[in-house]
Amino acid sequence: MKNKLLLLAFLIFAFAKMGTAQNSPFTTDDVSGVYSKGVDTTSENAKFDTSTKFTKSITLAPNGRFEYHNFRQLKGQEEEHWWARGNWKLEGKVVVFTTTEDDINDQFTIDLNNTRARFFKKSPRNKSPKIQPTYIQFFESDYSLTKNLKLPKTDE
């Protein structure tokens, strides 16, 4: 009876430990790099000239720092730039961004606190020849331009 209770306690502990174990094979070296997405459209129709350029990019440095840049130029308007910087860390498959008061100045005006993105990469166990791009997708942010933003890794 005593052995059964010990075995039961051990199994409960083992299953509880498995439930809280981190199941991500990714490291900060896998995640660090440049993620970028841009569009450059030029209309050929003179009546409806809707030329637009925009680029959104984020650089995740291996030392835990990030720099976000949002660029936009609409037809007939000057270029617009928005910047953010701060720290990032990897929690499982989620990248968590933090910005401190020291990170915000005249150039870096965006606060990315409370921003989280999911990291996607082809599993090393997946041996299929299908090409799957590495990317991050923002799913939580107080800054509206990053909500649901999907940025592919461009420096692979």
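Tutor: Two strands pair if DSSP finds at least two bridges between them. Keep in mind that this model is predicted.

Student: In which sense do strand 2 and strand 3 pair?

Tutor: Strand 2 covers residues 52-60, and strand 3 covers residues 65-74. Nine bridges link them. Pairing needs at least two bridges, so these strands qualify. Their sense is antiparallel.

Student: Which residue in strand 3 is the bridge partner of Lys56?

Tutor: Stay with the hairpin that strand 2 and strand 3 form. Four residues lie between the two strands. Across the pairing, the bridge partner of Lys56 is Asn70.

Student: Which residue in the turn between strand 3 and strand 4 has a positive phi?

Tutor: Strand 3 and strand 4 run antiparallel, joined by eight bridges. They form a hairpin with five residues between them. In that turn, phi is positive, about 80 degrees, at Gly76.

Student: Is Thr99 buried or exposed?

Tutor: Thr99 sits in the loop between strand 5 and strand 6. Its contacts include Phe66, Ile104 and Ile110. The relative accessible area of Thr99 is 6%. Buried means under 20%, so Thr99 is buried.

Student: How far is the backbone nitrogen of Leu112 from a polar atom of the Thr99 side chain?

Tutor: Leu112 is among the residues that Thr99 touches. The backbone nitrogen of Leu112 and a polar atom of the Thr99 side chain are separated by 3.2 Å.

Student: What is phi of Asn148 near?

Tutor: Most residues other than glycine have a negative phi. Asn148, in the loop between strand 7 and strand 8, has a positive one. Its phi is near 60 degrees.

How values were computed. Residues numbered from 1 in each chain as written. Predicted model: local features only at pLDDT ≥ 70, side-chain atom pairs only at ≥ 80, totals over all residues. Heavy atoms only, no water. Buried < 20%, exposed > 50% of the residue type's maximum accessible area, 1.4 Å probe, protein only. Polar contact = N/O pair within 3.5 Å; in protein donor to acceptor, adjacent residues only side chain to side chain. Contact = heavy atoms within 4.5 Å. Lists of a residue's contacts leave out its neighbours within four places in sequence.
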